[in-house]
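Subject: Structure for your review

Dear colleague,

Please find the structure below, together with its sequence. My findings follow after it.

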Amino acid sequence: MIGLLGTVLGIINSFGVLGSEQAAVQSRDILLASGVSQALVATATGLILGITAMFFYSVFRNRVQSLISDLEIASAHILALIALNFNKKREQSRVAVDEEF
C-alpha cells in the first residue's frame, strides 16, 4: 500500500503542475487536470488513513493474541490442578469405602 501511496502522490504532483500551467494548454485541459489532482488528493488521504489503521490493527491484534495465549496457558494449569485435586479426593473416598468392607 505504501508503493500505491507513492504513485498517487506522484500523479498528484504531475496533474497539479498540468493544472497550474496556462501556456500552450486549453482551459478545458487545465480544469480536467486540476479536477484529477483533487480526486487523487482524496485517494491519497484514504490511503494514509488505511495504512495507519492497518498498522494499529496489527499491533492490537498481536497484543490480543498474546493475552489469549497467556489465558489459555493459565486456564490449562488451573484445570490440571482441579483434576489432580478431584482425583485425590476420589481415591481417598475409595479407600474409606474399601476399609469398611
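This is a predicted model: local features need pLDDT of at least 70, side-chain atom pairs count only at pLDDT 80 or more; totals for chains, interfaces and linings use all residues.

By about how many helical turns are Phe56 and Phe60 separated in helix H2? The two residues are 4 apart in helix H2, which spans residues 27-100, and therefore about one helical turn separates them.

Overall composition

The protein has 2 helices and 0 strands. Of its 101 residues, 10% count as buried. The accessible surface comes to about 8200 Å², and carbon and sulfur atoms supply 66% of that area. Among contacts between residues at least 6 apart in sequence, 65% join residues at least 24 apart.

The aromatic cluster

Phe55, Phe56 and Phe60 form one aromatic cluster. A pair of aromatic rings is described by the distance of the centres and the angle of the planes. With ring centres required to lie within 6.5 Å, the count comes to 2 aromatic pairs. In the pair of Phe55 and Phe56, the ring centres are 5.3 Å apart and the planes stand at 70 degrees; because an angle over 60 degrees counts as edge-to-face, this pair is assigned to that class. In the pair of Phe56 and Phe60, the centres are 6.5 Å apart and the planes are at 25 degrees, so the pair is stacked, the angle being under 30 degrees. Phe56 thus takes part in the edge-to-face pair with Phe55 and in the stacked pair with Phe60.

Phe55, Phe56 and Phe60 together make a nonpolar surface patch of about 330 Å².

The nonpolar core

The largest nonpolar core consists of 6 residues: Leu5, Val8, Ile12, Leu40, Ala44 and Leu47. Helix H1 (2-20) and helix H2 each supply at least two residues of this core.

Leu5 lies in helix H1. Its relative accessible area is 14%, and because buried means under 20%, Leu5 is buried. Which residues does Leu5 touch, not counting those up to four places away in sequence? Its contacts are Ala44, Leu47, Ile48 and Ile51. Of these, Ala44 and Leu47 are listed with Leu5 in the largest nonpolar core.

In short, the points to examine are the aromatic cluster of Phe55, Phe56 and Phe60 and the core to which helices H1 and H2 both contribute.

Yours sincerely

Technical notes. Residues are numbered from 1 along each chain as its sequence is written. Side-chain values use heavy atoms; hydrogens and water are left out. Rings of Phe, Tyr and Trp (its six-membered ring) pair if their centres lie within 6.5 Å; planes under 30 degrees apart count as stacked, over 60 as edge-to-face and the rest as tilted. A nonpolar core is a set of buried Ala, Val, Leu, Ile, Met, Phe, Trp, Tyr and Cys residues joined through side-chain atoms within 4.5 Å. Buried means under 20% relative accessible area, exposed over 50%, partly exposed in between (1.4 Å probe, protein chains only). Contact means heavy atoms within 4.5 Å. Patches are made of residues with over 30% relative accessible area and no salt bridge: like charges are joined within 9 Å, nonpolar side chains (Val, Leu, Ile, Met, Phe, Trp, Tyr) within 5 Å. Accessible areas come from the Shrake-Rupley method with a 1.4 Å probe; for residues, only the protein chains shown count as cover. A salt bridge is a side-chain nitrogen of Lys or Arg within 4 Å of a carboxyl oxygen of Asp or Glu.
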